[in-house]
Amino acid sequence: MPAAGKGTVLELLRELLDARGVTHVSVSLSDELRTAVRERGLSTDRPNLRAMGHELRMTQGYGVLAERVLARLEAETGAAVALIDAIRTPAELQVLRQRLEASLTLVAVTAAEDVLVRRLQIRGRGGDEALTPESARAMLQAEMGRDEPEYGFNIAGCIALADVIIDNSGSLEDLRGALLQLVDEKLGACVAQ
């Protein structure tokens, strides 16, 4: 979800992986959108990103952003773990699952709606600072998939398919603890080798 703390999760995961000596690389489907928007000379605000995502999915296939990210990952060599951020549609997830198979663990980062609304209003990214509580809730509902076309955002569909759901409504230490447990469960045997 927007403002659920994906960036913080990525930072913490990088720290935990570094502490264990596990090599990693990060890629983002949203970065692919930002690149496409910039190539058109547009600002990277939320409306332009959403419109570009819709256009790319309609013209190049619903999983196009996942395909682009996978192409980037193929160019990276030697990393034991790939952190893939900002999966917004089940079609993107399907492409990733088909190519990465059992090595993929989808982690959904969520938070209570009131927490998300508050964070959206204070984070100041791409026009978020102008959101009222009502418009923030409407934006969150659209991102979840309400009234979206088939090629539109459907984070609710992705969350339903998640292997792990982390609620980031609490403290940073709560989040760190949940991620430490996840890393230990997923990488414990790999790090011991």
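**Close-up views of charged side chains**

The count of salt bridges comes to 16 in this structure, which is a predicted model. The views below take up some of the charged residues in turn.

**View 1. Arg99 and Glu67 meet through their side chains in a salt bridge.** The N to O distance of this pair is 2.9 Å.

**View 2. Glu74 and Arg99 meet through their side chains in a salt bridge.** Here the N to O distance is 2.4 Å, and the pair links distant parts of the chain, with Glu74 in helix α4 and Arg99 in helix α5, 25 residues apart. Glu74 is exposed, its relative accessible area being 56%.

**View 3. Asp114 and Arg137 form a salt bridge between their side chains, at 2.6 Å from N to O.** Asp114 lies in helix α6 (residues 113-123) and Arg137 in helix α7 (residues 133-144), and this pair links distant parts of the chain, 23 residues apart. Asp114 is partly exposed at 47% relative accessible area, and Arg137 is partly exposed at 29%.

**View 4. A network of salt bridges links Arg46, Arg50, Arg88, Glu143 and Glu148.**

**View 5. Arg57 has its place in helix α3 (residues 46-60).** With a relative accessibility of 1%, Arg57 counts as buried. Leaving aside residues up to four places away in sequence, Arg57 touches Tyr62, Val64, Leu65, Arg88, Thr89, Glu92, Tyr151 and Phe153.

Technical notes:
Residues numbered from 1 in each chain as written. Predicted model: local features only at pLDDT ≥ 70, side-chain atom pairs only at ≥ 80, totals over all residues. Heavy atoms only, no water. Helix = DSSP H or I, 4+ residues; strand = E, 2+ residues; numbered from the N terminus. Buried < 20%, exposed > 50% of the residue type's maximum accessible area, 1.4 Å probe, protein only. Contact = heavy atoms within 4.5 Å. Salt bridge = Lys/Arg side-chain N within 4 Å of Asp/Glu carboxyl O.
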